[in-house]
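Here is my note on the model, point by point. Please keep the structure open while reading.

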Amino acid sequence: MSQPPSSALRAIPSIAQLLALPQAQALAACYTPALVTGALRRVTDALREDIRNGAAPLPAPQQLVEQAQRLLVQDQALRQHPVINATGVLLHTNLGRAPMAGAAAEAARQAALHYTNLEFDCQTGSRGDRLAPILAILREVTGAEDAVVVNNNAAAMLLALSCLAQGQEVVVSRGELVEIGGSFRVPEVMAQSGCTLREVGATNKTRLADYEGAIGAQTAALMKVHCSNYQIIGFTQDVGVEALAALAHRHSLPLLHDAGSGALLALDCYGLAAEPTVSASLAQGADVVCFSGDKLLGGPQAGIIVGKTRYLAQMKKHPLMRALRADKMTLAALEATLKLYRDETLARQSIPLYRMLGEDGAILTRRAGSLLSLLPAAARAMAAIVPSQAQVGGGSAPGQMLPSVAVAVRAGSIPLNVLAQRLMRGPQAVIARIHQDSLLLDMRTVQDAQLDGLAQALQAALLPLEGA
Ligand SMILES: *Cc1c(COP(=O)(O)O)cnc(C)c1O
């Protein structure tokens, strides 16, 4: 091995010297001195290593500061941060599904900052039940007898099945063996819950008699799963909750309904086909209904189980309950979200999902126009207002499109994938969609308050490529 070139090592500026440079001072103002010091240390450590390995001429001090800046930008991108969703997918699973209502966010914030009466009864001074407030409001808005809240709907299914059917059989239609986002598959959740899946019917058709024929001494429950992210069309038949519940009850069995997206309100006023509502499922006789908090409910990530006390009481005592229970911030946000549903008009206005669903073409076109007007003329010349198609997404309303309006961008010299990358990597990340020969910014998932940030990001992304 050659000797380390000690003169080169000695020539590396000290952290203090680098920090004194005006560029480093500007960075410190933006990121805090401690973060900049840490980044400069990583840069000089790496340089020392390179010199020892025989590589690397010594860069100018300014270049070292620039390297540190790139590290800080990368760190920033790694952190969880708000993004502008211009994809037109309202419940985008990769972008955190439903944005919450202001009241829900504020309730989570208060719960986070303070001690709360999570498990304390302020009337008696004795231990309280963390689910009591949620239970009261869920009863009110769904008609449920009892309720449990866990971390997501997958956890809800795991708990319900483990509790009701461990070591026994659950009868499910072959047309309803759903997979959600890769890691949730009905047959696998069943296996994990220790119960045996008894498949009945065919992919496209299942009749009541198919369920009836499968019921035996080993059967613990019948289960219906909402096909929330696909459609079976053509020569099809399935059995509704009402008939299935009646059959289950004739055999003294519970009907478990995985309602998936957990709509509490009808969607037909937005031109969407009916999703099963939780209260309808209960009213039609389902004994236990599971659904997500962050899909069509428009709240925090959560799994909600509602139904008859004789089944829910067992779940509350199950060892998995402790492992899967929701925390105080989730419960606070969920309670605040559910309270909005006491007044349907208020819910439709204040829950972002419903506000986005309800905006008409005129509002969306006006928003697109505002975005264009915020752009400098050169950037505006590359953009046009076009019709587009939004969708609910997040495993809800599969295959159904919502008419929408987008700003289509075409930047002659910049390839569309480069433009999309620049937008998502910028300090205000924007997630857009490439469609045919333009980049689409769908106005249905963008808020008016985001237009300034969106215009700035777009303007920066449209700067000519270096060397072009
Ligand atoms: C979304 C969904 C799930 C999984 O819910 P998470 O809250 O994502 O865990 C399970 N079943 C159905 C039918 C769904 O639509």
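1. Start with helix H4, residues 33–52. H4 has 20 residues and reaches 28 Å from its first C-alpha to its last. That is close to the 28 Å expected at 1.5 Å a residue, the expected span being 1.5 Å times one less than the number of residues. Helices (H or I, at least four residues) and strands (E, at least two) are DSSP runs, numbered from the N terminus.

2. A word on provenance. This is a predicted model: local features need pLDDT of at least 70, side-chain atom pairs count only at pLDDT 80 or more, and totals for chains, interfaces and linings use all residues. Residues are numbered from 1 along each chain as its sequence is written, and side-chain values use heavy atoms, with hydrogens and water left out.

3. Which residues of H4 are buried? They are Val 36, Thr 37, Ala 39, Leu 40, Val 43, Thr 44, Leu 47 and Ile 51. Buried means under 20% relative accessible area (1.4 Å probe, protein chains only). These residues lie on the same side of H4, because they cover an arc of only 165° around the axis. The arc is that of the directions from the helix axis to the C-beta atoms.

4. The cover over the buried residues of H4 includes helices H1 (6–11), H2 (15–20), H3 (22–31) and H5 (61–78); contact means heavy atoms within 4.5 Å. Gly 54 follows H4, with a positive phi near 85°.

5. Now the seven-stranded sheet. It is open, with mixed pairing and the order E2-E10-E9-E8-E7-E3-E6. Strands pair if DSSP finds at least two bridges between them. E2 (146–150) and E6 (196–200) are the edge strands, each pairing on one side only. Neighbouring strands are turned by 25° against each other on average, direction ignored. Axes are lines fitted to C-alpha atoms, for helices over the stretch in contact, and angles run from 0 to 180 degrees between N-to-C directions.

6. Helix H7 (residues 132–142) packs on this sheet. H7 touches E2 and strand E10 (303–307), and its direction makes about 120° with that of E2.

7. Ser 173 stands opposite Val 200 in E6.

8. Last, strand E12 (residues 401–409). Seven of its nine residues are buried. E12 pairs antiparallel with E11 (residues 383–391) over nine bridges, and Gln 391 stands opposite Met 401. E12 also pairs antiparallel with E15 (residues 438–442), over four bridges. There, Val 409 stands opposite Leu 439.

Key
Buried < 20%, exposed > 50% of the residue type's maximum accessible area, 1.4 Å probe, protein only.
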